[in-house]
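Work through these exercises with the model open. Try each task before reading its solution.

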Amino acid sequence: MANTRAPTTIRRRLSALGKMHRFNDFPWNPAYRDIQGPRQGALRAHGRPVQKAAALTLPMLRQLLLTSDESARGRRDRALLLFGFVGALRRSELVFLHVEDVAIGKRPASDADILIDCLGQAALR
């Protein structure tokens with residue numbers, strides 16, 4: 001698998017195997033040398049380097065915003081894109097974002113107009 005898969009894919013699949021083991025009450029210790037040794041050796045010998053995604057630029061964001069229509073889904077998509085860009089939020093933080101996590105208003109001693117509470121931690125954006 002290391003010949004054709006990225007290191008992240010291999011790690012994700014091992015994580016899924018571990019989750020299924022725990023779900024079915026089978027023993028699973030990812031730090032066990034019979035798991036770690038071959039994984040590290042395969043990644044070292046055949047694994048591809050991790051490729052970071054390019055950062056979203058303002059012109060790219062503008063193009064993405066133009067692709068969404070005026071439907072409720074399009075407005076939601078634009079809001080998520082804007083919140084994610086302005087707040088520099090990770091994909092996981094956007095997934096966990098709920099309507100009640102967003103408050104529009106000013107916080108005392110701040111110039112920010114929108115307060116986003118991500119994952120229970122207030123973040124001023």
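**Exercise 1. The whole chain**

In the protein chain, what percentage of the contacts with a separation of 6 or more comes from residues 24 or more positions apart? Then list the elements in order and find the buried share.

Solution. The model is predicted.
- Step 1: residues 24 or more positions apart account for 29% of the contacts with a separation of 6 or more.
- Step 2: the chain holds 5 helices and 3 strands. From the N terminus on, their order is α-α-α-α-α-β-β-β.
- Step 3: the protein chain has 125 residues, and buried residues make up 20% of them.

**Exercise 2. Helix H1**

Solution. 
- Step 1: H1 covers residues 7-23, which is 17 residues.
- Step 2: the expected span is 1.5 Å times one less than the number of residues. For H1 that gives 24 Å.
- Step 3: Pro7, Thr9, Ile10 and Gly18 are buried in H1.
- Step 4: just after H1 comes Asp25, with a positive phi of about 60 degrees.

**Exercise 3. How H3 meets H4**

Classify the packing of H3 (residues 58-67) against H4 (residues 72-87). Name the residues in contact and sort them by class.

Solution. 
- Step 1: the two axes come within 10 Å and cross at roughly 165 degrees.
- Step 2: angles over 145 degrees count as roughly antiparallel. H3 is therefore roughly antiparallel to H4.
- Step 3: the crossing of H3 past H4 is left-handed.
- Step 4: H3 contributes Leu58, Leu61, Leu64 and Leu65. They meet Arg78, Leu81, Leu82 and Phe85 of H4.
- Step 5: by class, this contact has 7 nonpolar residues, no polar ones and 1 charged one.

**Exercise 4. Ser68**

Is Ser68 buried or exposed?

Solution. 
- Step 1: Ser68 sits in the loop between H3 and H4.
- Step 2: its relative accessible area is 16%. Buried means under 20%, so Ser68 is buried.
- Step 3: leave out residues up to four places away in sequence; Ser68 then touches Gly74 and Arg78.
- Step 4: take the pair Ser68 and Arg78. They are 10 residues apart in sequence, and their C-alpha atoms are 6.9 Å apart in space.
- Step 5: link this to Exercise 3. Arg78 of H4 also takes part in the contact with H3.

Conventions: Residues are numbered from 1 along each chain as its sequence is written. This is a predicted model: local features need pLDDT of at least 70, side-chain atom pairs count only at pLDDT 80 or more; totals for chains, interfaces and linings use all residues. Side-chain values use heavy atoms; hydrogens and water are left out. Axes are lines fitted to C-alpha atoms, for helices over the stretch in contact, and angles run from 0 to 180 degrees between N-to-C directions. Helices (H or I, at least four residues) and strands (E, at least two) are DSSP runs, numbered from the N terminus. Angles under 35 degrees count as roughly parallel, over 145 as roughly antiparallel, 65 to 115 as roughly perpendicular and the rest as oblique. A crossing is left-handed if the near helix is turned anticlockwise from the far one by less than a right angle, and right-handed if clockwise. Contact means heavy atoms within 4.5 Å. Ala, Val, Leu, Ile, Met, Phe, Trp, Tyr, Cys and Pro count as nonpolar, Asp, Glu, Lys and Arg as charged, and the others, Gly among them, as polar. Buried means under 20% relative accessible area, exposed over 50%, partly exposed in between (1.4 Å probe, protein chains only).
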